Amino acid sequence: MEPQLESIEGSFKFRYSEHVREALDGFPDCFTITDPCVCGHPIVFASRGFLKMVGYSRDEVIGKNGRMFQGPDTDRRAVMEIREAIKDERGVEISLLNYRKDGKAFWMFFKMCPVFTKDDGRVINFISVQVPILRKQRLWKNGISFSDQAEFSHSLFKCCRRELCWSTNVEPGSSFPVESVSENQATAHCEAGEAEKMKTSAAISNILSTLIRYSEFTGRPISRNRCCSSIGKQLAAALNISLGRIKQSFVLTDALLPSMPILYASELFLRLTGYSRSEVLGRNCRFLSGVGTDATTQYQIKECIQAQQSCTVRILNYRKDGTSFWNFLHISPIHNASGKVAFFVGIQVVDGNRGTEEPLRPAARQLNVVAAVKVAVRAWSMKFTASASA
């Protein structure tokens with residue numbers, strides 16, 4: 001075994017014990033488990049069903065990135081959506097065209113979810129379940145469907161939400177040559193049905209339950225959901241009322257975790273973005289970005305956060321319904337009683353005059369929020385420190 005593969009295998013066993021592979025091999029589902037902590041985000045486990053579906057051996061898949069199954073007709077937008085989900089450490093589900101080892105394309109419903117450590121909320125794995133989208137037998141004559149066997153007993157070929165029309169008269173029950181599916185028909189867009197979606201959800205649940213059970217054997221438990229730092233949890237509970245009095249769109253994030261998950265989101269933030277509180281908490285603020293968001297502005301925000309400095313930018317963000325808005329955003333570090341940066345607050349003001357320079361009015365509103373949050377956090381932090389040392 002190559003040193004890199006041996007290292008990958010060892011890290012997987014370290015987290016879940018050496019018996020986890022045998023348990024996962026008992027599932028009939030097609031799925032992979034990847035490790036974003038290893039360079040290249042490689043596959044660390046591939047189920048027997050998945051290997052049979054793609055035609056590769058286990059040694060050909062382990063240690064490789066999931067990009068190996070993409071091909072010339074794989075939708076780049078779908079790939080970018082998966083990459084963004086990985087970057088934002090969140091789940092995603094999408095119909096995707098992939099390729100087997102023999103070069104044949106096939107449609108599948110792809111559902112991916114992150115796996116978190118229970119102690120500090122880090123993402124250590126991604127589970128990806130793939131369910132082939134079954135082609136439905138359907139025949140169309142002059143715009144009328146003959147999918148019912150009683151109406152038409154001979155299906156011409158299997159198709160995926162595509163129509164076959166012909167001009168000549170074909171009587172029910174008469175023979176008709178079956179045509180092979182062309183390459184264009186095989187790669188035409190295909191959407192999953194409820195059956196495929198339900199199957200992936202059930203598989204994700206079963207796999208996660210198994211991983212959780214085996215992680216407890218090693219004393220390194222994992223979780224389905226991101227856990228905030230212990231200080232962050234206590235803060236969110238203690239300051240829920242005082243932060244709720246601030247009538248402004250803002251979020252408070254946990255600076256003690258690398259992914260900086262959102263600990264608190266104001267009611268006005270939820271109204272502005274259209275998301276529910278459960279859809280926001282635990283996520284990085286990057287989920288508000290979209291195709292039109294300027295990468296330079298995102299980099300500027302990242303640099304200021306790494307330097308633990310305040311910054312004010314105009315950035316194009318997106319609501320849950322897909323509509324965009326210009327966000328006059330101010331981000332500021334929040335220190336605890338010991339002077340350490342423990343949180344960041346981000347205050348959003350919708351900028352209706354994108355082309356004009358009017359920073360003073362929104363900046364004043366934002367600075368008022370920063371001041372209120374600092375007072376609340378510092379008071380809580382001093383009380384927490386005093387109780388801890390008592």
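This is a dialogue on reading a few features of one predicted model.

Trainee: How many helices and strands are in the chain?

Mentor: The chain has 13 helices and 15 strands. Of its 390 residues, 46% count as buried. Among contacts in the chain with a separation of 6 or more, 52% are between residues 24 or more positions apart.

Trainee: Let me start with a helix. What span should H7 have, and what span does it have?

Mentor: Helix H7 covers residues 194-218. At 1.5 Å a residue, its 25 residues should span 36 Å, and the end C-alpha atoms are 37 Å apart, which agrees. Just after H7, Gly219 has a positive phi of about 75°.

Trainee: Which residues of H7 are buried?

Mentor: The general idea comes first. An α-helix has 3.6 residues a turn, so residues three or four places apart point the same way. In H7, the buried residues include Glu196, Thr200, Ala203, Ile204, Ile207, Leu208, Leu211 and Ser215. Tyr214 is another buried residue of this helix.

Trainee: How do I read a pair of aromatic rings?

Mentor: A pair of aromatic rings is described by the distance of the centres and the angle of the planes. The whole structure has nine aromatic pairs. In one of them, the rings of Tyr214 and Phe217 have centres 5.4 Å apart and planes at 75°, so this pair is edge-to-face. Both residues belong to H7 and lie three residues apart, about one turn of the helix.

Trainee: Is Tyr214 buried or exposed, and is Phe217 buried or exposed?

Mentor: Tyr214 has 15% relative accessibility and counts as buried, because the cut-off for buried is under 20%. Phe217 has a relative accessible area of 57% and is exposed, because exposed means over 50%.

Trainee: Which residues form an aromatic cluster?

Mentor: One aromatic cluster is formed by Phe12, Tyr16, Phe27, Phe31 and Phe45. The charged end of Arg220 sits over the ring of Phe14, 3.6 Å from its centre. The charged end of Arg283 sits over the ring of Phe287, 4.3 Å from its centre.

Trainee: Where is Tyr275, and what is it in contact with?

Mentor: Tyr275 is in the loop between helix H10 (267-273) and helix H11 (277-280). Its relative accessible area is 14%, so Tyr275 is buried. Leaving aside neighbours within four places in sequence, its contacts include Arg283 and Phe287, the two residues of the charge-over-ring case above. Leu270, Val280, Leu288, Arg319 and Lys320 are also in contact with Tyr275. Lys320 is 45 residues away from Tyr275 along the chain, yet their C-alpha atoms are separated by 6.0 Å.

Trainee: Now the strands. In what order do the strands of the open sheet stand?

Mentor: Strands of a sheet pair through backbone hydrogen bonds, either parallel or antiparallel. Here, five strands form an open sheet in the order E12-E11-E15-E14-E13, and the pairing is antiparallel. E12 and E13 (311-318) stand at the edges with a single partner strand each, so one side of each has no neighbour in the sheet. Neighbouring strands are turned by 25° against each other on average, direction ignored. Helix H12 (residues 295-306) packs on this sheet and touches E13, E14 (324-335) and E15, and its direction makes about 135° with that of E13.

Trainee: Which way do the residues of E11 point?

Mentor: In a regular strand the side chains alternate between the two faces of the sheet. In E11, Phe250, Leu252 and Asp254 point one way, and Val251 and Thr253 point the other way. Five of the five residues of this strand (residues 250-254) are buried, so E11 is largely enclosed by the rest of the structure.

Trainee: What are the bridge partners of Val251?

Mentor: Val251 stands opposite Gly346 in E15, and its bridge partner in E12 is Ala265. E11 pairs with E15 (residues 341-350) over five bridges, and with E12 (residues 262-265) over three bridges.

Trainee: How many bridges join E14 to E15?

Mentor: Nine bridges join E14 to E15, and the two run antiparallel. E14 and E15 form a hairpin with five residues between them, and Gly339 in the turn has a positive phi of about 90°. E15 is mostly covered, with nine of its ten residues buried.

Key. Residues numbered from 1 in each chain as written. Predicted model: local features only at pLDDT ≥ 70, side-chain atom pairs only at ≥ 80, totals over all residues. Heavy atoms only, no water. Helix = DSSP H or I, 4+ residues; strand = E, 2+ residues; numbered from the N terminus. Buried < 20%, exposed > 50% of the residue type's maximum accessible area, 1.4 Å probe, protein only. Contact = heavy atoms within 4.5 Å. Phe/Tyr/Trp six-rings, centres within 6.5 Å; stacked < 30°, edge-to-face > 60°. Lys NZ or Arg CZ within 6 Å of the ring centre and 35° of its normal. Expected span 1.5 Å × (residues − 1). Pairing = 2+ DSSP bridges. Axes fitted to C-alpha atoms, helices over the stretch in contact; angles between N-to-C directions.
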